[in-house]
Amino acid sequence: MAQRSFWKGYLKLSLVTCPVAMAPAVSENEKIRFHTLNRETRNRVVSQYVDSVTGKVVKEDDEVKGYERGEGDYVLIEDDELESVALESTRTIDIDVFAPRDSIEWIWLDQPHYLTPDDPVGEEAFCVIRDAMATTRTVGISRLVMYRRERAVMLEPRDKGIVLWTLRYGDEVRDKAAYFETINANKADPSLMSLVLQLIDEQTKPWTPSMASDPVQDKLLELITAKKKGRKRAAKPKPEAETPPSNVINIMDALKKSVAAASKAKR
């Protein structure tokens with residue numbers, strides 16, 4: 001059954017336009033969520049803004065945004081002033097540039113969304129844009145107002161549709177050189193490399209979603225089911241303090257033991 005879209009608009013490439021619908025490609029709706037309650041009354045607890053100095057609750061009309069220019073010194077920004085610099089929401093994904101798919105690293109990708117044609121008449125235009133990107137191994141780059149902010153977005157052909165990725169802002173991605181520059185750049189020892197390659201081969205399996213499963217959710221469901229039935233779940237034993245691994249190791253011996261263990265487990 002088709003999922004409900006949360007956005008509808010148009011996909012545009014030069015003079016070619018077609019109506020499209022978009023829905024998030026991932027969802028956390030299935031996650032267990034908790035409310036904070038008053039233990040004595042079992043009533044929900046309501047959050048309120050409190051003045052940090054007077055301790056009094058602040059009325060909604062008295063709430064205002066502030067930019068701190070110095071310790072305890074703020075520039076106040078009113079809602080209408082924020083609206084004056086906000087971008088107008090657009091309903092058109094206008095592809096104005098293409099880029100090789102392999103030139104955009106994964107670290108720039110933020111949230112994925114499924115883009116589909118929203119009209120049988122416009123489906124042909126959608127498909128030709130999709131197939132042209134797949135043939136040239138390119139992705140489309142555009143801008144779109146989403147989640148109340150203008151975002152750069154990337155359109156990537158996938159199966160019969162298109163995945164629209166919101167991209168991270170330029171100042172959100174930190175320069176890797178600041179973290180990696182002190183790491184030794186010399187090639188690894190060939191004999192060690194051979195053992196690691198063998199270990200990788202032994203432990204390689206086809207990807208399945210279960211590899212990214214959330215065991216905590218299963219345990220929470222067990223806990224909730226037990227409490228519904230009035231049973232107490234056995235308390236989890238306290239984990240023993242972990243012993244820090246020794247810094248003095250023989251990498252060759254450790255790898256040989258790892259390969260042997262992996263080979264045994266595979267049989």
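Predicted model: local features only at pLDDT ≥ 70, side-chain atom pairs only at ≥ 80, totals over all residues.

Trainee: OK, how many residues of strand E8 are buried?
Mentor: 8 of the 9 residues in E8 (residues 138-146) are buried. Buried means under 20% relative accessible area, exposed over 50%, and partly exposed in between (1.4 Å probe, protein chains only). Strands are DSSP runs of E with at least two residues, helices are runs of H or I with at least four, and both are numbered from the N terminus.

Trainee: Which way do E8 and E9 run?
Mentor: They're antiparallel, joined by 7 bridges; two strands pair if DSSP finds at least two bridges between them. Leu144 has Arg151 in E9 as its bridge partner.

Trainee: And what's in the turn of that hairpin?
Mentor: There are 2 residues between the strands, and Tyr147 in the turn has a positive phi of about 55°.

Trainee: How does E6 pair with E8?
Mentor: E6 (residues 97-100) pairs with E8 in the antiparallel sense, over 4 bridges. Val97 is partnered with Ile141 of E8.

Trainee: Switching to helices: which residues are buried in H5?
Mentor: Gln217, Leu220 and Ala226 are buried there. Just after H5, Gly230 takes a positive phi of about 80°.

Trainee: Where does Val196 lie?
Mentor: In helix H4, residues 190-203. Val196 counts as partly exposed because its relative accessibility is 30%.

Methods: Residues numbered from 1 in each chain as written. Heavy atoms only, no water.
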